[in-house]
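Colleague: Could you take me through the contact between the two chains, one step at a time?

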Amino acid sequence: MNGTSYALGVGEDKSALFWTLLALGGLVLLGTLYAFFTLEHHGHALTGMDNQIVWGLPHVFAVFLIVAASGVLNVASIGSVFGKKVYKARAPLSGLLALAMMVGGLAVLVLDLGRPERLTVALTHYNFKSIFALNMIFYNGFFAIVGLYLLTLMDRKLSPWSKPLGILAFLWRLALTTATGSIFGFIVARAGFNSALYAPMFILYSFTYGMAVFMVVQSIMYKWNDIQVDARILAKMKNLLAIFIAASLYFTAVLHLTNLYYAKQWEFERFILLEGGVYTWMFWAGQVLLGGVLPLILLFSPLARHPATVFVAALLVILGGHCQMYVTIIGGQAFPLDLFPGWAESSSFYDGQIHPYTPTIWELLLGLGGIAIAFLITTVAVRVLGFLPQDDLKALEPELKAG
Amino acid sequence: MKEATNLNEERRELLKAGALVAGSTLAPGVLLIGVAQARAPEEPASDRVRWGMVIDVNKCADGCNACVTACNEENGLSGATGPQDAQWIRKLHIRNLSTGVEISLPMLCQHCEHPPCVDVCPTGASMKRADGIVLVDRHTCIGCRYCMMACPYKARSFVHEPLTDQNPEVPRGKGCVESCTFCVQKVDRGENTTACVEACNAAGHKAMIFGDLKDPNSEIAQILKHHKTTEVRADLGLNTGVRYQGI
Ligand code: SF4
C-alpha cells in the first residue's frame, strides 16, 4: 500500500468516534473477563450448560468466529493465488480480519475451559491422535503463515514472497477448516454429527461467512472515510457472496437428504426439521430464510445496486451463520444419544429425552468476548496502519471489463 | 487371537475413515480372551490382564439401586441427580418398541478397547491403562468436554461446582471430567472387584461379574465363552470391556 493511504479516521475529526468504539469494545471485554473470573470461582454451575448440553453458547460464537476467520482469507487468496487485482487490493484487510477473528474465537474456547489455568498443559501435552490437538497445530500455523503473508503485503521489499505465501495460506486455510469441521464429524456416536459431509460443508460455510464479514467491515470502512465503492467492484463481490450462499444452501439440503436416506437418522432429522422447537425455528427461519434465501433475493434484486442493500444482506448471512452454529452444536446435543436402537430409554441421567438448554448471561458474555476481541484488534490495526482497500480503477479496467 | 486383533484394528481404521461398519460379525468374546496370565496384586497394571464386566440383565432387579448407591459411597459422589450432577453409574430402563419387553440394567463406562474419549482428548488426559481401565488424569484434564461429546454411552460427567468432603483415595475436582474407574483404587489394592459388584452380590442379585477377560479360567471368561453376550452399540466397533447378557 502506498504511504499516503487512508488509515481509519486519521487526519479527520473522527478521533472521538474512534475512542468511543474502543471504549464500547473494551466494556464488553470487561464483562467477558468478569464472567470468566466468576465462572472460574463458582464453576460452570452458574451456566445453563450441564452433563447433557456440554458445549453451549460460547461454542456457538467461538466456532462461528473460527470458521469465518478461515473463510475471510478467501478474499486474499483470490487476489494472490488467482491474480485478481480487485481482490489483491483487499488482501491486507482480509489477512487482518482472519487473524483478529481467529484470536477472538480461540480466546472464547480457552475462557470456557473447566481448567483454563492449565492452558500450558494444553500447549505442551499433545495427543496427536486428537483432531482437537491437530486443530491447535493448524491454528498456530495459521497465525504464523497469515502473519508473514501480511508482512509481504505491507512491505514492498518482501512482495515477491507474497504469492507463494498466499498459496500456502490458501492451502493451510482449507486444511484448517476441514479440521474444524472434522471436530464434529469425528463424533461417531451422535446422530447429528456423524457425517463425512461435515468437513466439506464447513469449508463452504466458511467461504460464505468470511465473505459476509469482509463485506460488512469494508462497507463500514468506506462509509467512515466517505468513499464510494466502484459499482462494478461491488457487483463482483456481491455475486461471489451470492454464489457462496447458494452453494451453502445446496450443501445443507444434501446433508439433510443423506441423513434422511439412512433410516437411523430419521428421528434426528424429524427433530431438527419438524419438531425441535427452537432448533427447528433457528434452522428454517434463521439459517435457511434469514441467512440464505433472503440475502439471495436481496443480492439479485434491483436494490442490490445500493451498497446499503449488500450491507444488509451480508449482515443477514452473519446472523444466519450464528443460527446454523446453534442448530449444529446445541441441537446436535439436545437430541438424546441412542444407546439401544429400537428401544425406548429412561434413567436418572436423562437418557432418551430431549435435553433442554437455556443459556445464561455468563455464556453470552463469554461468547461476546470473542467478537469484542476481534473488533478491538481490527479497529486499532485499521486506525494505525493502512488497511483500507483502495482500487486503482485505471489498472483494473481490463479485469472489470472482462466481468 | 492375533488375527482377531488385526481384524479389529482394521475395522477401527475403516470407522475412522468415516465408513459405516456393519454390526460385529465376530463371535462375542473371541476378541477378549487372551493369553492365560493374570497379574499378582503387587505388580503394576499390566497388559496381561484386561479388566471387564458381564451384566446379566435377567438378574438385575427393576427398582434396585444398590450398585448406584455403593458407587456414590465408594467414590465420594453426592448422589444428587440434577442435570449438572455427576453420575458414574445409572440404572437404565429400556422398553422394546416392537415387543414391549422391559429391561432394567446398570449403565456405566464401558471401558472400550478403542475408547473414543481417548482418541479425541487433546491433552491425553483421557487414557487407557495397560489393564484396559479407562481413566481421566485429573492433572492434565483442561475441562474442554470433548470426551463427553465423543462418548457413545453418556458415561462421563463434568464437575460443575467446587467439591468438598472428598474421598482422599478418589481425587475429583471442579472443572474436570470424570467417569467410572472400575474402582481402580480397589483393583490396585488387589481386591479385584468393584463397589457396584459387591453391592449387587450383597443384595442377593449377583447380576454383575467383574474379572480378568484374558484369564480363560476366570468366571467372566467362562461366561463369555459359553453364553451369548452383547456389546452396547457394537456397530461402533469399540470392543467394550462391559458386556450384557440377556438383551
Ligand atoms: S475434558 Fe479433559 S479428559 Fe475430556 S477431552 Fe478435555 S482434556 Fe481430555
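Predicted model: local features only at pLDDT ≥ 70, side-chain atom pairs only at ≥ 80, totals over all residues.

Modeller: Residues are numbered from 1 along each chain as its sequence is written, chains are lettered from A and ligands numbered from 1 in the order in which they are written, and side-chain values use heavy atoms, with hydrogens and water left out.

Colleague: Which three residues supply more than any other three of the area that chain B buries against chain A?

Modeller: Chain B brings 59 residues to the contact and chain A brings 58, contact meaning heavy atoms within 4.5 Å. The three that supply 16% of the area buried by chain B are Tyr146(B), Met149(B) and Lys154(B).

Colleague: Which element gives the largest share of the side of chain B that touches chain A?

Modeller: Helices (H or I, at least four residues) and strands (E, at least two) are DSSP runs, numbered from the N terminus. Among the elements of chain B that give two or more residues to this side are β3 (102-108) and α4 (146-150). The largest share, seven residues, comes from β2(B).

Colleague: Which residue of β2(B) is the bridge partner of Trp343(A)?

Modeller: Strand β1 of chain A, residues 343-347, runs antiparallel to β2(B), and five bridges join them; two strands pair if DSSP finds at least two bridges between them. In β2(B), the partner of Trp343(A) is Asn96(B).

Colleague: Is Arg90(B), which meets Asp351(A) in a salt bridge, buried or exposed?

Modeller: A salt bridge is a side-chain nitrogen of Lys or Arg within 4 Å of a carboxyl oxygen of Asp or Glu, and three of them are counted between chain B and chain A. For Arg90(B) and Asp351(A) the N to O distance is 2.5 Å. Buried means under 20% relative accessible area, exposed over 50% and partly exposed in between (1.4 Å probe, protein chains only), and Asp351(A) has 3%, which makes it buried. With a relative accessibility of 2%, Arg90(B) also counts as buried.

Note on methods:
Buried area = accessible area lost by both parts, 1.4 Å probe.
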